[in-house]
Structures are given as structure tokens and as C-alpha cells.
Amino acid sequence: MVPQRVCQAFIVACCIGLVGSQAASADQSLAASLRVEVVADQLDTPWGLAFLPDGRMLVTERTGALYLIDDRGQRTLIKNVPPAFVKLQGGLLDVVLHPAFETNSMIYLSLAHGRQKHNTTRVVRAVLEGDTLTNVEVIFDSTPKGTSVHYGGRLAFLPDGTLLVTIGEGADYREQAQRLDVVLGKIVRINDDGTIPEDNPFLSTPGAHPAIWSYGHRNPQGLHVDPQTGRVYAAEHGPKGGDEVNVIEPGANYGWPIATHGIDYSGARISPFETYPGMQEPLVYWTPSIGPGGIAVYRGAMFAEWDGDLLVAVLGHRHLRRVDLEDGRDVGQEILLQDRGARFREVEIGPDGAIYAVVESVNEREKSGQILRISRALSPASDGDSSPSESEALSQASVSGP
Amino acid sequence: MDADRMRLLLRALMAFVLAAIAAYVIATLFFTSANLIRLSAVGAEITVADAVRTFLFDVRGMAPSLLWTQYGSLIFIGFAIAFPVAAVLRRFSMRSEAARWIAPTLYPLAGATAIALILILSYQTYEVFAFAGARGVLGSLAQCLAGAVGGYLFQIMLARKEVRS
């Protein structure tokens, strides 16, 4: 009896292993057959990308320009873009469309504003009329700081029409990420006109800034709302180690700088604690750091196998990373397009189901930013344009903790 | 070079290494303390054991190495430039009756100046405090004080050796 059960268990285990290995191999062959097209190039440090309903793209350059790019790569410079404070990590940052763009033509921009000793992460809204912005209006400013790094600056609309904005902690002000009276190291939630939603979590907390949605962030440059689940994901740079992807809940504390898996660039500890009671643990963290930029949850028919997986634009290690999410847990990771030699700044899912990546510093060249369209090659062997991606399945244990 | 001069040079070298190590350890103590005080101010509950563990980690993490950008390495490099300059100035000051009073302050001043320059140059390079424990006026002054203590120790060890020799 017992040997029979052992045999049955063995056969079941073999079947599971076979199915699992076939799935993994299918994923890897998919990665190897990606078709990569350069939609636009020679961009100067492109940062944000948003699709218009007609398929054209708005693309920001950190150096201050906003372009409208069509599917042939023709670009139109948008006029009357508010000037940004362009220095180090500062400049023109993200762009998103109002959920009702088709009726109001309204767009939102984030940018660094001010001067070296006194600058903010600013959000403006404007109406896009042809190739010009009109009715430009400042709707939010973070607390001023005196460094030109760690702005955050990603924007995303929630399904209820409110806008989330990531705000970095300005590096030298890292402890301010824990203070509720300061808008540094926070994700804030505002209405589309900049007013404060009545159900924000700290509205009734004495002394707290009413726009704060979550706190304890370092430099969140990735923000995405899963259109299917409404779940909010944010990616933030750690220092030396401790890059994170978090699932953002209203009112939650994400730990920085009290709880972190990273240490300082100097080799000193940021904090004695990697975890701390009452502070959220990341969904995924990377030690050593990879440098995560923008993120997106893949939803679409083109890569049905990746449905619900997280795509992370990786700046430091220069690739696009797929985080295989099962039941909200990271069960494996895959490195894609490392052969491009580019810093991946942002990733978006296009209306056609293709993946669009904003990359910069291609082979360390200046003004070498590109918009890449990543699609599924019809026939990998016969497709000259397909880029044989370096695909590397990584075990969760080697790259992430929890 | 005769044996006495060689002995004196070796003693000076020994004094330099000990002074630089002492300055580095004191600087790290201030560094760790400053960071932990800031964390406590925003709600972190830090025990003595946490503090000791963090200090020991920091001593190891920033220690002098072949990597010249390490804080410990920079202190060694800074002292290696500052102390010979102080020695020359000291020699000049001893020759003049009016300037003799300044001689005992020169090594501590050199140590403090070396660390001040490290902090200023690193800030100019990165445009943020590369050494977070030196943030703010008090944080920077504490680091300079560690440099001054290193310079003072160097002066004492050198003086004792001069007396012995």
C-alpha cells in the first residue's frame, strides 16, 4: 500500500515538474522572441510617456521639452511648457492624461521647480490645444528642499479620478520621510484640481499635511495603478541595496529611513533596523541595488502569459525586469533586453498591448534616449528586427527577501 | 639617513597611524550618534545594544581600505597632507617669539581642517552630504572635532618621542 502511494506521489511530482518546466521554457522562449522597434530616438534623457487616445505619445525630456510623437516617430515640440529647474535629477519629469482627456484635453506634468537652495516637486495641469499648452495651472508643490536629487515625480490617476504623486525625500532630508507635517518622502493624493480629497487618511490627524496618502518613502520613481485590480504599486530607489516595490495602502508607513534593507553609500548603516513594527515590508526588494525606475503591471492579449506580472524599468543594471506575480507574491524574475545597453527609465503598456519602454544613455551616448516598442515577433527565426533578449530566470531567493 | 633619523621617522609614522585611527573611530562615533539621534527624533526606539551594533557596523563599513573614497581612507589621506604642512608651519612658528604660541594648535587645526576639506569637497562633488552623519552644522563640527583630537594625539605622541629621543 505504502509503496503504491509513494509511486503515485512520485508520478504526480514528475507531472508537476514537467508542466512547470514547460511553462518556464515557454516564458523563456517568449523572452527570446521579443521584437523590439525604436519608435523614437535621439531624445535627451526622456522621462515620462503617456498615450493619447489616438495612439500618439506625449514624451517628456528631463531637460525641459515635451514632445508629441506619432507612430512614425515624427515629433512635435509642445509650446508653453512651464520651465523646470534642470539640475542633476531635477527637470521636467512625468506626464499623464486626465481620465476625461477626450472631453477636456487636460494633461498633468510633474517637474522640479525653484532654485538650488529652495526647490520643490511641482505638479501642473494644462490643456493641450494642438501643439500648445494653455491654461497652465500649478496645482501642487511639495515642501521645499535644498538639494537637486530625489524628487520622485511619478503621477498616476486612481480609478476614482484622484491623482497620486510620488515625492522624494531630497536625500539630505531623509528623516523627513517619517514626518507627517512635511511633504518629502511621501505619496500624496489630490483631486484633479489640486484640492484635497475628503477621504484622505491623515485629514483629521493634527499637524499632518492633508494630501499625504502614504509615507516613509525614499525616492519613488515608479508608480502604477493596475487597471484590473486597482492595486497601486510603487517602486523606489534604495541607497546601497534596499530598492523596493511596494503595494501602496492609504495611511501606511513604508519605513524609510527607520526600516530599510539598504545601507548608506558611505558603508555606514542608515538604521539598525531592516524591519520595524508598524511599518510595511516591501513586496520585492533588491540587494544589491538594481535601480528601479518606472513600473507597470502587464495587462493585455499580446503577452497573455505575462498577464498580471510586474514590469520594472531598471536604470542601474540596464534592463527591463519581469516580476512574476502569483497571488500578489513574487515567484520569480526575468531579465529582458539587457543587450540594449540602455538605462530603462519608464515602462508603459500601449493601447495595442505592446510594451513601451523609455530608455536613455544608450551605450553611454548623449542624447541617445529612445522609445522602444516591444512586441511579440510572429516568427522569431525569420524576424531580423527581433532582439534576442538576454533572458535569465532568477530564483526569488537570490534577489528578494520576503 | 642615519639610524636616529630613521628611528624618528618610524616613530612619526607610528604616531600618524595611531592618530588617524583614533580620529576615524571618534569621527565614526559622532557619525553613528548623529544618525541615530535623527532617527530617534522621528520615532525610532533605539536601545544601547542597537547603537553599539550600529557603531561597530559603521566602524567596519567606512574603514580605511584601498578604496580611496572610503571615509577612513579619506581621513588618512587628509592627515597625510595636513600634518606635514602643520610640521613646516610649526617649525617656522617656533623660530619666532611672537608666533610661538600658535605652535601647539597647529596639529589639531590641521586635523580639523583636513576633515572640513573632506566634507566640503565631497559636498561639492555630490551636491548632497556623502557622509550623512556630518549633516548640519553640529554634525560637521563634530567631525572636525574628531580631526582636531587626531591632530592633538599626533602632537602628544610626537612630543613624547621627541623627549625620549
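Residues 12-24 of chain A stay under 50 in pLDDT, the predictor's confidence in each residue, from 0 to 100. For this stretch the model has zero contacts beyond four places in sequence, a contact being heavy atoms within 4.5 Å. Residues 380-402 of chain A are also below 50, but that stretch has 58 contacts beyond near neighbours in sequence in the model. Where pLDDT is low, the predicted coordinates should not be read in detail.

A few ground rules: this is a predicted model, where local features need pLDDT of at least 70 and side-chain atom pairs count only at 80 or more, while totals for chains, interfaces and linings use all residues. Residues are numbered from 1 along each chain as its sequence is written, chains are lettered from A and ligands numbered from 1 in the order written, and side-chain values use heavy atoms, leaving out hydrogens and water.

Chain A as a whole has a mean pLDDT of 90, with 87% of its residues at 70 or more.

| Feature between chain A and chain B | Count |
|---|---|
| Salt bridges (Lys or Arg side-chain nitrogen within 4 Å of an Asp or Glu carboxyl oxygen) | two salt bridges |

One salt bridge joins the side chains of B:E127 and A:K87, at 2.7 Å from N to O.
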